[in-house]
Amino acid sequence: MEMSSFAKQSSLVFTFLLFLIQMVVLGQTPKATPWTPSHTPDGQPDVQGFWEATVGGTYDLTDPRRGGGRLGELLNEHKGIARAKKPSRIVDPPDGKVPYLPWAAAKQQDIAAHVDEPTKQEYVDPQARCLPDGVPRNLFWTGFQITQTPGYVFIVYEQNHTYRVIPLDGRPHVPSNIKLWMGDSRGHWEGNTLVVDVTNINSKSRLDNVGNFATDAVHVVERFTFSDAKTIKYEAVIDDPAVYTQTWKIAAVIVRSHQREKNYEYWEETCHEGERNVEQMLRLNDSAKADTVKQKQ
């Protein structure tokens with residue numbers, strides 16, 4: 001007598017559940033099937049399109065959020081209302097802090113203490129003058145577009161007029177005496193992971209608004225792992241013995257954007273070096289103080 005359809009399905013379900021139980025007992029989990037992307041004519045995984053970090057903003061590496069909401073934070077701080085911190089972008093060291101040498105930690109803390117009321121040029125974030133953010137900060141400040149041609153990956157950022165050209169042919173970096181706002185990138189593919197080696201960063205920008213920084217000797221190794229068609233698992237290892245006691249790593253999840261806008265194009269931003277964001281920032285801080293005084297009267 002043939003087994004009924006229901007009995008067959010029940011048997012398959014039982015077999016699958018038994019398999020899962022065995023995997024759990026043995027301390028194993030089924031291996032996920034790697035994403036198989038389409039490829040460009042030169043064999044690269046085709047990852048072209050628009051992308052943005054799921055947690056944006058570059059106010060603070062250790063407490064990610066956008067600086068645009070800083071006025072509200074200042075108003076609440078003056079009222080004694082604390083905000084809940086977000087998880088640090090730093091995943092190594094485990095404490096989520098930049099592993100500074102003592103002199104470097106003191107410098108960063110000084111900038112952080114004066115970032116809302118800058119009295120010296122060094123307290124003013126270069127981003128407030130619309131200068132390039134550098135690597136890796138620019139990935140979190142704005143959305144970006146990836147395009148590919150034979151032997152190259154290009155990253156074009158939506159804000160601050162920045163872009164990166166990443167050759168894949170193994171050429172050496174430019175001479176060490178040449179320093180660039182966005183550094184000098186050299187990449188290669190390891191399966192679905194784009195590995196990018198970045199040197200020659202001039203470090204005239206910061207890693208975030210509150211003064212986390214590196215010198216122009218910093219070395220960054222990025223890994224863009226495309227886990228599926230819509231997701232990048234991003235990691236960057238940062239090394240600068242002049243500033244840090246050890247290398248450290250940041251991590252983030254980046255996803256596709258503008259998928260429903262077939263004809264979307266990046267707009268031409270008018271931010272320029274003469275931008276007056278600093279003056280506006282100071283006025284906003286004065287307004288926050290004035291508001292607090294009124295409430296106490």
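For sorting lining residues, Ala, Val, Leu, Ile, Met, Phe, Trp, Tyr, Cys and Pro count as nonpolar; Asp, Glu, Lys and Arg count as charged; the others, Gly among them, count as polar. The model is predicted: local features need pLDDT of at least 70, side-chain atom pairs count only at pLDDT 80 or more, and totals for chains, interfaces and linings use all residues. Residues are numbered from 1 along each chain as its sequence is written, and side-chain values use heavy atoms, with hydrogens and water left out.

Take the cavities. A cavity is a set of points, on a 1 Å grid over the protein atoms alone, where a 1.4 Å probe fits but cannot get out; lining residues have an atom within 4 Å of a point. Grid points are joined across faces, edges and corners, and a volume is the space filled by probe spheres set on the points. The whole structure has three cavities of 30 Å³ or more. The largest cavity holds about 120 Å³. Its lining has 15 residues, with Val135, Ile201, Ser203, Leu207 and Ala214 nearest the centre. By class, that lining splits into nine nonpolar, three polar and three charged residues.

The second largest cavity has about 40 Å³. Among its lining residues are Arg137, Leu207, Trp248 and Ile250. Here the count is seven nonpolar, no polar and one charged.

Now the rings. Rings of Phe, Tyr and Trp (its six-membered ring) pair if their centres lie within 6.5 Å; planes under 30 degrees apart are stacked, over 60 edge-to-face, the rest tilted. The structure holds 13 aromatic pairs. Trp51 and Phe226 make an edge-to-face pair, 5.7 Å centre to centre with 75° between the planes. Trp51 counts as buried because its relative accessibility is 0%, where buried means under 20%, exposed over 50% and partly exposed in between (1.4 Å probe, protein chains only).

Last, His258. This residue is in the loop between strand S10 and helix H5. Is His258 buried or partly exposed? His258 counts as partly exposed because its relative accessibility is 24%. Beyond its neighbours within four places in sequence, His258 is in contact with Phe50 and Tyr264 (heavy atoms within 4.5 Å).

Note on methods: Helix = DSSP H or I, 4+ residues; strand = E, 2+ residues; numbered from the N terminus. 1 Å grid on protein atoms, 1.4 Å probe; cavity = no way out; pocket = protein on both sides within 12 Å on 5 of 7 lines; lining within 4 Å.
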